Amino acid sequence: MIVEMSRTVNAHQLEQLLKSLSEQHGPVHPVSLDGRTLLVCPKALGPVADFDQHPEVLRTVHSTGPFHLAARALYPSGSRVRVGGVEIGGPGFTVIAGPCAVETEEQLAAAAEAAISAGAVLLRGGAYKPRTSPYEFQGLGELGLRMLAGQRHLSGLGTVTEATQPDEVALVAEWADMVQIGTRNMQNFPLLKEAGRAGLPVLLKRGMTATVDEWLCAAEYIMSEGNPDVVLCERGIRAFGRETRFTLDLSIVPTVKRLSHLPVIVDPSHSTGDPALVGPMTLAAAAAGADGVIIDVHADPAAALCDGRQALLPEELKSIIDDLDRVTAALGRPLVRQPARAALPI
Ligand code: PEP
Ligand code: MN
């Protein structure tokens, strides 16, 4: 159960309400979200109707848990998240593209160019890479973040990049528009909490073995620290098939939409691991009701330092987004376009 307070509630009224709520319904967790105070009462399974009458209570929201702030009941029409001037979860379909990892200025510039000319509106690129082997390229760290920020300045594309541990979050917030939490860190609770306090939108990938409840509880960790801007990303789960890198669970998209108000995007690159499957799965993600996709692109996949095998060539990305444009138009969810921007000083 969630009790939403009016913006005019004062400290004394809040204290009184907290006291009587907790006496009747167990622990209460006050959360400040978008300038409003929400009182999360995880044990209040029955009605808290008497509180509806309180002059400073706007509404009570029935949520049975284990997640509450992420529950569909809080915003039944769905929530929207703004990233670098574009919206995820609004009336349009949002395409994010870029390399798995930031490698060099030239490589990133070529990927940003590929993203823009294909019609993507946000640029991805990892500076902190969670690699399976310690001997593989680990990312450029802060230098990579600076390169990403430089490309944001030149291209006008908002940026998405991963943090793998809590102390990287503030740096990502300094240089990028959205922090990604990867599959391997979906239940890294200190990292989730730090992302909740960072004041920038979060792209929360599904843990490769996570249930929906676990995934939405991870989102709840971020939101309960006061950050409402969470976008979920289905990126494939572990199953027994060896034909694809992971198993893309597209049925999770409408499932999560039923349970949560948060926008959901799909990663057809990391899930399939196969450039030939990225196109079909991108179109299928749109048809399944996803709010967007995040796609790997690299001008020279064979030379990529990370995940080159799954990266599309720029012309392949363009052809897929051309097809996607027709599919999303038919679905009544046209592609989100890059906002116009003032010319940069030379
Ligand atoms: C990535 O996006 O580069 C990445 C590592 O993704 P995931 O966490 O889904 O494997
Ligand atoms: Mn990758």
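Predicted model: local features only at pLDDT ≥ 70, side-chain atom pairs only at ≥ 80, totals over all residues.

Trainee: Okay, helix packing to start. What is the handedness of the crossing where H3 passes H4?

Mentor: H3 spans residues 105-118 and H4 spans residues 142-155, and their axes sit 10 Å apart at an angle of about 40°. As for the handedness, H3 passes H4 in a crossing that is right-handed.

Trainee: And how many charged residues are in the contact of H3 with H4?

Mentor: Look at who meets whom: H3 brings Glu105, Leu108, Ala109, Ala112 and Ile116, while H4 brings Met147, Leu148, Gln151 and Ser155. Sorted by class, six are nonpolar and two are polar, and the number of charged ones is one.

Trainee: On to H8. How wide an arc do its buried residues cover around the axis?

Mentor: The buried ones in H8 (residues 252-259) are Ile252, Val253 and Val256. Their cover includes helix H7 (212-223), strand E12 (230-234) and strand E13 (264-266). They lie on the same side of H8, because the arc they cover is only 100°.

Trainee: Last one: is threonine 282 buried or exposed?

Mentor: Threonine 282 is in helix H10, residues 275-287. Leaving out residues up to four places away in sequence, threonine 282 touches Pro268, Val293, Ile295, Ile320 and Leu324. Its relative accessibility is 0%, and the cut-off is under 20%, so threonine 282 counts as buried.

Technical notes: Residues numbered from 1 in each chain as written. Chains lettered and ligands numbered in written order. Heavy atoms only, no water. Axes fitted to C-alpha atoms, helices over the stretch in contact; angles between N-to-C directions. Helix = DSSP H or I, 4+ residues; strand = E, 2+ residues; numbered from the N terminus. Left-handed = near helix turned anticlockwise from the far one by under 90°. Contact = heavy atoms within 4.5 Å. Nonpolar A, V, L, I, M, F, W, Y, C, P; charged D, E, K, R; others polar. Buried < 20%, exposed > 50% of the residue type's maximum accessible area, 1.4 Å probe, protein only. Arc of directions from axis to C-beta.
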